[in-house]
Amino acid sequence: MENKRFSDKVILVTGATSGIGRATAVAFAREGAQVIMAARRENLGREVADEISALGGKAVFIKTDIRNPDEIDHLFEAISKQYGRLDCAVNNAGLSSLTMPPATKIPEEEWDDILNTNLRGVWLCMKHEIGRMLKQGGGVIVNTASVLGLMGSSGLAAYCASKHGVIGLTKTAALEYAHKNIRINAICPGPIRTRMMEAPMEIYPNMLEMLLAKTPMKRMGESEEIAGAVLWLCSDESSFMTGKELVVAGGQGVAA
Ligand SMILES: NC(=O)c1ccc[n+]([C@@H]2O[C@H](COP(=O)([O-])OP(=O)(O)OC[C@H]3O[C@@H](n4cnc5c(N)ncnc54)[C@H](OP(=O)(O)O)[C@@H]3O)[C@@H](O)[C@H]2O)c1
């Protein structure tokens, strides 16, 4: 029998309806995992589940808005009921600002939406994930931060604050649960060709040029290039790594 890296592992990926989350869900399924996908757009969720079944993989979609604690409770109740365990969780769902206002001009609703999704949503999911992993004796969590969790970017104060917060949350929880066999790391993608980047590029035509000027590899990354790193972080190949951020960004942030 073919030996796959995540055979029979139960894996949750939030934000799996597009971009990085979708590629990550597909990559896990190819490696034999039972994948639970959570996001809001049911039609796309079903589409990804069908794509995975067509590849011979196993996936279910559970409609979840991670800003809503009741929907998160429902997600984890369903996981407990159906699988009784959770080996890995990738807290990836997120959004950015399209209007890119300076820090003092961010509308409160936009600030709340970005922070509630990117930071509070990750924290709410982690509470359930860690609770489940404590019961079963261990597990692995990967939180999707960003290179903008490590530096500032004009027009993206709320996004940068949320992603710096994700890294702080990751490091602290990793310290608190390292001795319980729970590893928690963050992935920090650079510019990746997804809806999150394509939407603002339509509004700001020189954005791509500006991004490439800051990226030594002179190209955007593909979602699959992040998925590969996430799978490594979830695998036993990274078994001595916790509380760290892994930057996958085409060389961004390396130069003095
Ligand atoms: N693309 C980049 O350059 C880049 C760089 C660094 C970090 N990241 C991070 O990577 C992650 C994935 O982004 P992406 O680039 O793949 O963008 P994307 O294609 O827009 O995907 C975002 C995902 O998050 C989900 N989502 C958003 N709000 C949600 C909510 N309230 N509840 C549940 N799911 C929600 C979306 O699904 P629904 O709309 O169906 O809910 C979608 O599946 C984000 O955390 C982002 O900050 C991206």
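A polar contact is a pair of N or O atoms within 3.5 Å; within protein, one atom must be able to donate a hydrogen and the other to accept it, and residues adjacent in sequence count only if both atoms are side-chain atoms. The views below come from a predicted model, in which local features need pLDDT of at least 70 and side-chain atom pairs count only at pLDDT 80 or more, while totals for chains, interfaces and linings use all residues. Residues are numbered from 1 along each chain as its sequence is written, and side-chain values use heavy atoms, with hydrogens and water left out.

**View A. Surroundings of the ligand.** The ligand is surrounded by 30 residues, of which Thr17, Arg40, Asn92, Tyr159 and Thr194 are the closest; a residue counts here if one of its heavy atoms lies within 4 Å of the ligand. A backbone N or O atom of Ile66 lies 2.9 Å from a nitrogen atom of the ligand, whereas a polar backbone atom of Asn92 is 2.8 Å from an oxygen atom of the ligand. Arg41 contributes a polar side-chain atom, which lies 2.8 Å from an oxygen atom of the ligand.

**View B. Helices H4 and H5.** Helices (H or I, at least four residues) and strands (E, at least two) are DSSP runs, numbered from the N terminus. Axes are lines fitted to C-alpha atoms, for helices over the stretch in contact, and angles run from 0 to 180 degrees between N-to-C directions. The axes of H4 (residues 108–136) and H5 (residues 157–177) come within 8 Å and cross at roughly 15°, which makes H4 roughly parallel to H5; angles under 35 degrees count as roughly parallel, over 145 as roughly antiparallel, 65 to 115 as roughly perpendicular and the rest as oblique.

**View C. Helices H1 and H8.** The axes of H1 (residues 19–30) and H8 (residues 223–234) come within 8 Å and cross at roughly 55°, so H1 is oblique to H8. The contact includes Ile20, Ala23 and Phe28 of H1 together with Glu224, Val230 and Cys234 of H8, and by class it has 9 nonpolar, 3 polar and 1 charged residues.

View D. The contact is made by Arg22, Ala25, Val26 and Ala29 of H1 and by Leu44, Glu47, Val48, Glu51 and Ile52 of H2; by class, it has 6 nonpolar, no polar and 3 charged residues. Arg22, which has its place in helix H1, touches Gly15, Ala16, Thr17, Leu44, Glu47, Val48 and Glu51, not counting residues up to four places away in sequence. The C-alpha atoms of Arg22 and Arg46, 24 residues apart along the chain, are separated by 12 Å.

Technical notes. Contact = heavy atoms within 4.5 Å. Nonpolar A, V, L, I, M, F, W, Y, C, P; charged D, E, K, R; others polar.
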